[in-house]
Each structure stands twice: as structure tokens, then as C-alpha cells.
Amino acid sequence: MIPVFLAQLAKERRHPVILIVLIAASVAGTVIFTGGTQAPTEIAIFSEGTQSEAIEEKWETLLNHNSELQFVVSNPEDARESVQQGQADLAIRLTETDYTVITSSTMPDVAVAEQHVRSVFEQEAVIESALAQSVQPELLRTEIESAIGDPVMQMNVSSLGGDELSGYDMKTQLIFAFTLLTAMFMIGFRVNNILKDKVYGLWDRMILSPVTKTGMYTAYITYAFFIGFVQILIVMLIFRYFMNVELGDRFDLLLIVLAIFTFSMVSVATLLTGLVKKPELFYAIYPSVIPMIPIISGAYMVPGTITNPVLLFIGDLFPVSHAMDALLDIVMYNATLQDVTQPIMMMILIGVISMGIGVNLVERRSV
Amino acid sequence: MIETIQLSKKFKDKTVVQDVDMYLDQGESVGLLGPNGAGKSTTISMISSLLKPSSGDVKLNGESIIKNPSDIRKVLGVVPQDIALYQELTAYENLKFFGRIYRVPKDQLEDRIQHTLELVGLKDRQKDLIKTFSGGMKRRINIASALLHQPNILILDEPTVGIDPQSRNYILEMIRRLKVQNGTTILYTSHYMEEVEQLCDRVYIMDHGKVIASGSQSELLSILSNEDTISVQLSKMSPPLAKEVLALEPVRQVEEDGDTLKIISKKSSNIISDLVRLADQHQVKIINFQMVNPSLEDVFLHLTGRTLRD
């Protein structure tokens, strides 16, 4: 088994390009896409009619006050067209005292924006109502705004353990999503070496040697696990120590979950290898299938975005969704090993079943 | 040493090898000759324990290897038809890998690698990647990989396919040295009859999965003792002429090769005057005419009506 493992390692050492490219892709993908999420989301606002300019000016200031969203006055036609063509999730049509949300999406960000707009309009309605009965409306407005800034009662939100409740962080989620995605590629390519060596006759030569078949499979599978985990580890270390990304206090637990994910993914790749006849076919199918798995599993989206039960079921069949659950719980909510037992068990279950079926199929596959 | 008894292999409904009886004695060099698709590779896959026969048996020193293949694997070196090497590794690294999987003792491995590289004449290229080698050099390393554990029996499956004549001669000479110097038993498959003629003490001729003739070269050639082989070089090839020559009573086989007709006819039958007449009729000139010594190729032609390369 060891010579077979070492031969795979020697090949990698001689051609580390794929490993380096995938590590770079993990980091670059995260940096590029999280750069986008950190920029405020722009929402078009517009008004129609003779008073439109005054209305837009009034509400633009109010809506942008204390908001992470950015409301931008826009041409009504452009705003509507952007929504129709799917370039924007929503636009807001303003009137003197009311608004209309124009959207064709049910994404969570629409609800978040709508909630903000409603609260601004409700607050303004209360203030306007009070001002209507006041003899000194400008003074009253200043007093009300001052009172809102320094409320009599304040509500503090904390976790069950009394700690500060961590906010949801898309950047952390994308770090894991891209790291797992690129690791899936690496793992698949290396598991496919079994098929490659079968086609090129090396497998038969090994069978004729004293190396047992179990030893041969173990060597290939262990190597795929090893190189996949090394890739993940390097990416995690880059984020933690070179890019100073906050990855929680339980880095050890993160690595345990990532190791179990790697095992599970090696098994899934073995299963997929067993389903194809030629290594070239694997190279054609695998890169097409793999990017869909994190999408179906919701790895790139805010939790709760995917609600379709069929997609959720399909996502649950792959280890990515379980790994993401466990990793985000550990980083964002300081989850312990007991807290992430369920996703870990699911990954192990997927791993064991896929490995059993996969090795069987690969063994039966004549090339 | 090794014998096969009624060895057969079926893939679904297709019989690829049928009732093959063969034997190899210690130190002997045996050729398995046949055209592509004759069943040679399947036969040696069964002998080397890679493939289970549908029926029949393979015995090593009287013991069946079907249930316990480890016995034959210990003493066997197999050179596959394909280049089964890690292209991304150097020649040295490949040999080290094969030495390790064959559990060559660590203290002997380096010596064996150097000795084997010397044997195949690639010691000075050991640090080069296999993918930078020519076809002939790859074939030599392919053979070297099967020699590191010093096998008693060496099976070579068409080891010279697709290489230049110089590399082919080198490989043939190397195999001859292995037989003479080490006493290695050799089973050599090929569809090049001249290689088998050069290397082998005995020959099995296969066609359509069956052994159609076997014996030493002289025994096989004696099949043609009642026949003459005549080579006729023409000014141009004429298929209608060849057809009419084949229709002559004493003629058994006619093979067209470029502008030459190879004719197998009954011993001492006088067909020359008929040939001249037919050539005149078809307006073809006879440039050269000679009686040739029969070869294994002629034996195959005689037995099957086809050439080895058909």
C-alpha cells in the first residue's frame, strides 16, 4: 500500500500545478465574492408626478439614514426594467406618504429591504401626525429625533449562554463554500486515478505483484483523502494566519469537521468514479456536476434561501450542506462537538454508504 | 513447468479462447503467434492469473493456479502490450515503484535498479521523465519493470509493437540474453513471425481463439514439405491475374504483396509456363521469379488462407 501511496505523492510533487491552482482559486474566489457582499446593496427609488423631485429628496435622506442598504434615486423606467430583467431584486416607488415595492423575487434580501422601508415610513408617519398638531413643528421634530436617538428603554439581545449574539457573516460562509468546492475537485481528480491506472494497465501490473487489492484501493483512497485535506488545511491556514479572518475559537473542531467532510467526499467521488467507464468521461462529467452541489446545498446563499423540499432533499444527499451547517455553527455560534454531532453523523453515513457502493462499482467496472 | 489444459474464455456469448492446450518447460522460449484478435492476450492474461478462465485449468509445476494465483505471481514477470508506466515519473522512480511493490529487499533495490537499467541500455537516462522518452525507450522500461524481482518466467505481450527497427533489435537481443544468461523461461506473443522465428524454441500458432498448429520451427515448416513457395515479381499487380493463378490446379494459396505474388503450390508442380501465359494475357511482365524457403508466415497462410497481418 505504501509504495502506491508514495507513487501518487511523487506524481503530485512533480506536477503540483492543480493543487496550487485550486488553493489559489479558493482564496481568490472568496476574496472576489466577499468583496461584493461587503459593498452596500443598491436599491433604486423613484417617484412619479409633479412633486417627484421633492418626494425623492425627502425619502432618500430618510431611507439612507442608519441603513446598510443604499437607496439611490433612479429613473422610473430604468428601475422597472432592471427588476424585469432580473438585474435588480427590487425597486421602491415612492409617494408623499406611502411606497410600493416592485419586485419579481422572493429572495430574503427583498424582505429585509422591505422591512427597513416600512419602519422608516411608519416612524415618519408617527412624526408627521404629531407635527400636524403642534404649534412649533420644527422644534417638535428635533425633540422627537433626539428622543429616538436616546430611548428610555433599550433591548439587548444575547445568546442563551449570555454571550453576545454573533451576527450572520456571509464572508465566513463563502470562505467555507469555496474551500469545500475546490477540495471536491481535487478529491475527485485523485480518486479518478484508480480508473486512469486501470485503463493504462498499471492496475493489472499491481495486481500481479504481492500488493493486495485492498491495499491498492486503500492507497488510492487514502491519498485522495490526504491531498484533499492538505489543500483544505493550507487554505484555512492562509485565511486564519495570513488574512486574519476570524474563524472562531474552535479551530481544532473545524479541522475535525473538515476531515470528516473530506472522507465523505472521497467516498462520493469513488461512487461517481464507479458510475463512469473511462477516466476521460469522469473528467467531462465531474466538473459539470460538482459546482451544482454547493448551489443545491445553498452553500453560497443566506441560510433559509432554498425552501424547495426536493432541492433540500437532494442537497442533504451530499456532504456539503452538512459540513456547512457544522462549520458555520462552530464559527458563528461557538458550537461544541456535541452540538454538531448530527451533521457529522450524516457525513459519516454518506461516506460509508458511498464508499461501499463505489468500491464495488469500480471493482466491477471493466475498462 | 506451466501447462494449460483445455483453457477457454467466453465474454458473454463470444468465445475468445477455446480449448487451448500449451506447455512451457523450464528455461524454454515459447512463441505464441497469431494475428490481432487471435486470443493471444486473453490466453496470457489467464496464464498470468489476471483473468479467470471460463473453463479449463492453468497449472504451475502440477498445481492449479486458478484458486491460488499467488504461487505463479511470485515467479512471474509480465510485460503488458501497453506502456504501463507512470508517465509523470522518471525511469528510476518507476523502477523504484515496481521494486517496492514486488518487495525487493531495500538493501538490494538500488543495485537491481541500476543493473536492470544497464540491461535495457537506459542507465544514462534514468533521471528523465518517461513522457520524454521515445516509443522504443518506453518499451524497454516497460520490460525492465517486469524484471526487478528477477522472475523465473517472463511473459511478453507483443513487446515491440509500434517501435523503430533499432529499438526492436535491442529488445530482441535483450530477451535472448535473459534466456541464455539467466535461464529465464519466456512466453513471447507476437504477430511478427520473424521475431518468433528468431527467439523461440517452440511456437504455438493461434487463430480465432484456437491453437491451430504447434511445434518447433522445423516441425511447423514440415507442414509445407509437400509444397513449394514461389515468389513472382510483376511489372504491376493485377488482381484478375492473381485470381486466375489461384484457379490453377496445383496452386493452394496466392498472396498479393505490393507488386509481388506469393504462390504456394504442390511440390514439383510445373506452373511456370501457365504463369507466363497468364501474365501475357493480362499484359503484365514477370520481372523476377524465385523459389523461396517457406517461413512461419507461409505456414500460417497455408493453415488459414490469410496472412498474419490481415
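Guide: Buried area is the accessible area, taken with a 1.4 Å probe, that two parts lose on being put together, summed over both. The model here is a predicted one. In it, chain B is divided into domain 1 (2-221) and domain 2 (225-304). The contact between them takes 14 residues from domain 1 of chain B and nine residues from domain 2 of chain B. Between these two domains about 910 Å² is buried, and carbon and sulfur atoms give 80% of that area. Taken over C-alpha atoms, the centres of domain 1 of chain B and domain 2 of chain B are 37 Å apart.

Chain B also has charges placed over rings. Lys127(B) has its charged end over the ring of Tyr92(B), 4.8 Å from the ring's centre. Arg168(B) lies over the face of Tyr192(B), and here the distance to the ring centre is 4.1 Å.

Next come pairs of rings. A pair of aromatic rings is described by the distance of the centres and the angle of the planes. Over all chains, the structure holds 15 aromatic pairs. One of them joins Trp203(A) and Tyr217(A), with 5.0 Å from centre to centre and 65° between the planes, an edge-to-face arrangement. This pair links distant parts of the chain: Trp203(A) belongs to helix H9 (residues 202-207) of chain A and Tyr217(A) to helix H10 (residues 213-242) of chain A, 14 residues apart. Both Trp203(A) and Tyr217(A) are buried.

Another edge-to-face pair is made by Phe282(A) and Tyr283(A), with centres 6.4 Å apart and planes at 75°. Phe282(A) has a relative accessible area of 1%, so it counts as buried, the limit being under 20%. Tyr283(A) counts as partly exposed because its relative accessibility is 32%, and that class lies between 20% and 50%. Phe282(A) and Tyr283(A) also belong to a cluster linked by ring pairs, together with Phe185(A), Phe189(A) and Tyr286(A).

Last, there is a helix in chain A whose length can be checked. Helix H11 (residues 251-275) of chain A has 25 residues, so at 1.5 Å a residue it should span 36 Å. The expected span uses one less than the number of residues.

Technical notes. Residues numbered from 1 in each chain as written. Chains lettered and ligands numbered in written order. Predicted model: local features only at pLDDT ≥ 70, side-chain atom pairs only at ≥ 80, totals over all residues. Heavy atoms only, no water. Phe/Tyr/Trp six-rings, centres within 6.5 Å; stacked < 30°, edge-to-face > 60°. Helix = DSSP H or I, 4+ residues; strand = E, 2+ residues; numbered from the N terminus. Buried < 20%, exposed > 50% of the residue type's maximum accessible area, 1.4 Å probe, protein only. Lys NZ or Arg CZ within 6 Å of the ring centre and 35° of its normal. Domains from an automatic or database assignment. Contact = heavy atoms within 4.5 Å.
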